[in-house]
Amino acid sequence: MKKILIVDDINGWRNYHVQVLTALFKGDCKITTADSARNGYDKLMENNNAPFDIIITDLQMESDFEPDYAGEWFVKQIKTFKNYYKTKIVIISATYNINVIADNLGVSYIRKSTARNFPDSYKEIVV
């Protein structure tokens with residue numbers, strides 16, 4: 001069973017990710033959600049002994065991490081946990097330079113427009 005964390009400040013997107021991933025893994029997954037980077041960090045701490053297999057995060061959430069996006073801060077925090085070194089991290093965002101940010105962080109990405117129009121794009125990244 002895959003253990004997945006979804007972090008996005010928009011409830012509709014969190015629900016969409018849950019729906020797509022539940023279908024993709026045929027229900028063989030346990031999904032936890034968080035509505036901010038800070039809450040996502042709390043979920044990391046709570047699950048440090050049994051880490052998530054996949055973490056999906058938005059970039060643009062809280063504004064108090066400037067000049068970085070909240071999602072950038074969150075990904076950097078994930079990488080400080082030794083138990084999360086095998087975790088697949090995916091940024092799903094509408095940010096225009098998502099590819100540059102993802103490359104700099106060493107993680108995968110899907111543009112939100114692609115995620116919305118081509119739900120199969122998750123399969124290429126998370127499976």
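Is Lys112 buried or exposed, and what is its relative accessible area?

Author: This is a predicted model, and what follows should be read with that in mind. Lys112 is buried, with a relative accessible area of 8%.

Its charge is paired. Lys112 forms a salt bridge with Asp8, in which the closest N and O atoms are 3.0 Å apart. The two partners belong to distant parts of the chain: Lys112 is in helix 5 (residues 112–117), while Asp8 is in the loop between strand 1 and helix 1, and 104 residues separate them. Asp8 is buried as well, at 0% relative accessibility.

Lys112 also meets Asp58 in a salt bridge, at 3.6 Å from N to O. Asp58 lies in the loop between strand 3 and helix 3 and Lys112 in helix 5, so this pair ties together parts that are 54 residues apart in sequence. Asp58 is buried, with a relative accessible area of 4%. Through shared partners, the salt bridges join Asp8, Asp58 and Lys112 into one network.

The structure holds four salt bridges. One of them, between Asp64 and Arg38, has its closest N and O atoms 2.9 Å apart. Asp64 lies in the loop between strand 3 and helix 3 and Arg38 in helix 2, so here the parts tied together are 26 residues apart in sequence. These two residues are partly exposed, Asp64 at 49% relative accessibility and Arg38 at 38%.

The loop between strand 3 and helix 3 also contains Pro67. The peptide bond leading from Glu66 to Pro67 is cis, with omega near 15 degrees.

Seven of its nine residues are buried, so helix 3 is largely enclosed by the rest of the structure. The buried residues are Ala70, Gly71, Glu72, Phe74, Val75, Gln77 and Ile78. Their cover includes strand 1, helix 2 (37–46), strand 3 (54–57), strand 4 (88–93) and helix 4 (98–105).

Strand 1 (residues 2–7) holds another lysine, Lys3. Lys3 is buried yet has no salt bridge, and the nearest side chain of opposite charge, that of Asp53, is 7.8 Å away. For a salt bridge, the nitrogen and the carboxyl oxygen must be within 4 Å. The charged end of Lys3 instead sits over the ring of Phe52, 5.2 Å from the ring centre. Leaving aside neighbours within four places in sequence, Lys3 is in contact with Lys30, Asn47, Ala50, Pro51, Phe52, Asp53 and Ile54.

Together with Tyr41, Phe65, Trp73, Phe81 and Tyr84, Phe52 forms one aromatic cluster. The count of aromatic pairs comes to seven. One of these is the edge-to-face pair of Phe81 and Tyr84, with 5.6 Å from centre to centre and 85 degrees between the planes. Phe81 and Tyr84 are both buried.

Two other places deserve a brief note. Lys26 is found in the loop between helix 1 (11–24) and strand 2 (29–34). Its phi is near 50 degrees, a positive value in a residue other than glycine. At 75% relative accessibility, Lys26 counts as exposed. Asn39, in helix 2, is partly exposed with a relative accessible area of 30%. The C-alpha atoms of Asn39 and Phe25 are separated by 25 Å, with the two residues 14 apart along the chain.

Now the chain as a whole. The secondary structure comes to six helices and five strands. From the N terminus on, the order of elements is β-α-β-α-β-α-β-α-β-α-α. The radius of gyration is 13 Å, close to the 14 Å that the globule rule gives for 127 residues, so the chain is as compact as a globular protein of that length. The C-alpha trace spans about 40 × 35 × 25 Å along its principal axes. Of the 127 residues, 49% are buried. Among contacts between residues at least 6 apart in sequence, 63% join residues at least 24 apart.

Note on methods. Residues are numbered from 1 along each chain as its sequence is written. This is a predicted model: local features need pLDDT of at least 70, side-chain atom pairs count only at pLDDT 80 or more; totals for chains, interfaces and linings use all residues. Side-chain values use heavy atoms; hydrogens and water are left out. Helices (H or I, at least four residues) and strands (E, at least two) are DSSP runs, numbered from the N terminus. Buried means under 20% relative accessible area, exposed over 50%, partly exposed in between (1.4 Å probe, protein chains only). Lys and Arg count as positive and Asp and Glu as negative; His and the chain ends are not counted. Contact means heavy atoms within 4.5 Å. Rings of Phe, Tyr and Trp (its six-membered ring) pair if their centres lie within 6.5 Å; planes under 30 degrees apart count as stacked, over 60 as edge-to-face and the rest as tilted. A charge sits over a ring if NZ of Lys or CZ of Arg is within 6 Å of the ring centre and within 35 degrees of the ring normal. The radius of gyration is taken over C-alpha atoms; the globule rule is 2.2 Å times the number of residues to the power 0.38.
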